[in-house]
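Let's take a walk through this protein together. Have the sequence and the 3D view at hand, and we will go from single contacts to the overall fold.

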Amino acid sequence: MALHLYFDLTATLRLAEHAVSCAAHAPSFSENEDGIVCPGALVWVRDQGVYLMSSGLPRLDDPDRPGSSLVVYADGWNPDTDGHRRDADLGGDDFAEHLHLTDQPHPLIGVLRAAHTRGYRWLHLTVAGDTYEVRIARTRRHQP
């Protein structure tokens with residue numbers, strides 16, 4: 001059975017706009033290993049909760065947590081308010097996956113901007129085994 005993660009689109013777009021406006025970015029592990037420059041990404045993280053953050057440097061600071069990057073937790077996955085959750089589809093190890101914002105032919109930043117303008121409310125990640133799919137949604141249809 002697939003896991004459905006929902007991220008508030010308005011807050012996610014703030015992270016994405018930061019990432020695309022920065023000239024420098026923190027590379028993913030594989031980008032660093034391969035000597036590839038990160039083109040700008042939302043970084044999907046699983047460690048203490050499940051959240052997104054900007055790859056942009058300098059980082060986007062969280063005004064409520066000095067010295068920390070601003071993050072957007074998946075609905076129901078903030079350990080401070082929702083407790084510590086686990087799901088087999090996320091595996092047993094922590095990870096960081098880059099969702100590149102400017103990849104062609106359909107740059108994710110353009111999809112996010114258009115969806116926000118049209119009243120969509122969620123970035124929806126469907127996770128099953130070792131694959132994931134990125135979608136935009138008006139409502140949450142699956143409960144976490």
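Which residue forms a salt bridge with Asp 75? The partner is Arg 140, and the closest N and O atoms of the pair are 3.0 Å apart. A salt bridge here is a side-chain nitrogen of Lys or Arg within 4 Å of a carboxyl oxygen of Asp or Glu. The pair links distant parts of the chain, 65 residues apart: Asp 75 sits in the loop between strand 6 (72-73) and helix 3, and Arg 140 in the segment after strand 9 (131-137). Helices (H or I, at least four residues) and strands (E, at least two) are DSSP runs, numbered from the N terminus.

Before going further, a word on what you are looking at. This is a predicted model, in which local features need pLDDT of at least 70 and side-chain atom pairs count only at pLDDT 80 or more, while totals for chains, interfaces and linings use all residues. Residues are numbered from 1 along each chain as its sequence is written, and side-chain values use heavy atoms, with hydrogens and water left out.

The classes use a 1.4 Å probe and protein chains only: buried is under 20% relative accessible area, exposed is over 50%, and partly exposed lies in between.

The salt-bridge count comes to six. Another of them joins the side chains of Asp 94 and Arg 46, with 3.8 Å from N to O. Asp 94 lies in the loop between helix 3 (79-82) and strand 7 (95-100) and Arg 46 in strand 3 (residues 41-47), so this bridge ties together parts that are 48 residues apart in sequence. Asp 94 is exposed at 53% relative accessibility, whereas Arg 46 is buried at 6%. Glu 133 and Arg 135 also meet through their side chains, at 2.9 Å from N to O. Here Glu 133 is partly exposed at 38% relative accessibility, and Arg 135 is partly exposed at 37%.

Arg 46 and Asp 94 turn up again at the largest pocket, where both are among the lining residues. How is a pocket found? On a 1 Å grid over the protein atoms alone, a pocket is an open set of points where a 1.4 Å probe fits, with protein on both sides within 12 Å along at least five of seven lines; lining residues have an atom within 4 Å of a point. The volume of the largest pocket is about 170 Å³, meaning the space filled by probe spheres set on the points, with grid points joined across faces, edges and corners. Strand 3 and strand 4 (49-54) are the elements that give two or more residues to this lining. Among the other lining residues are Trp 77, Pro 79, His 84, Arg 85 and Arg 86. By type, the lining divides into three nonpolar, four polar and five charged residues. In this sorting, Ala, Val, Leu, Ile, Met, Phe, Trp, Tyr, Cys and Pro are nonpolar, Asp, Glu, Lys and Arg are charged, and the others, Gly among them, are polar.

Now turn to helix 1 (residues 9-21), which holds Leu 15. Leu 15 counts as buried because its relative accessibility is 0%. Leaving aside neighbours within four places in sequence, the contacts of Leu 15 (heavy atoms within 4.5 Å) include Leu 42, Leu 52, Leu 70 and Val 72. Leu 42 is 27 residues away in sequence, yet the two C-alpha atoms are 7.0 Å apart. Leu 9, also placed in helix 1, is buried at 0% relative accessibility.

Most peptide bonds are trans. The bond joining Leu 57 and Pro 58 is cis, with omega about 0 degrees, and Pro 58 lies in the loop between strand 5 (56-57) and strand 6. The bond from Gln 104 to Pro 105 is cis too, with omega near 10 degrees; Pro 105 lies in the loop between strand 7 and helix 4 (108-117).

Finally, step back to the whole fold. The protein has four helices and nine strands, following the pattern β-α-β-α-β-β-β-β-α-β-α-β-β along the sequence. Of its 144 residues, 41% are buried.
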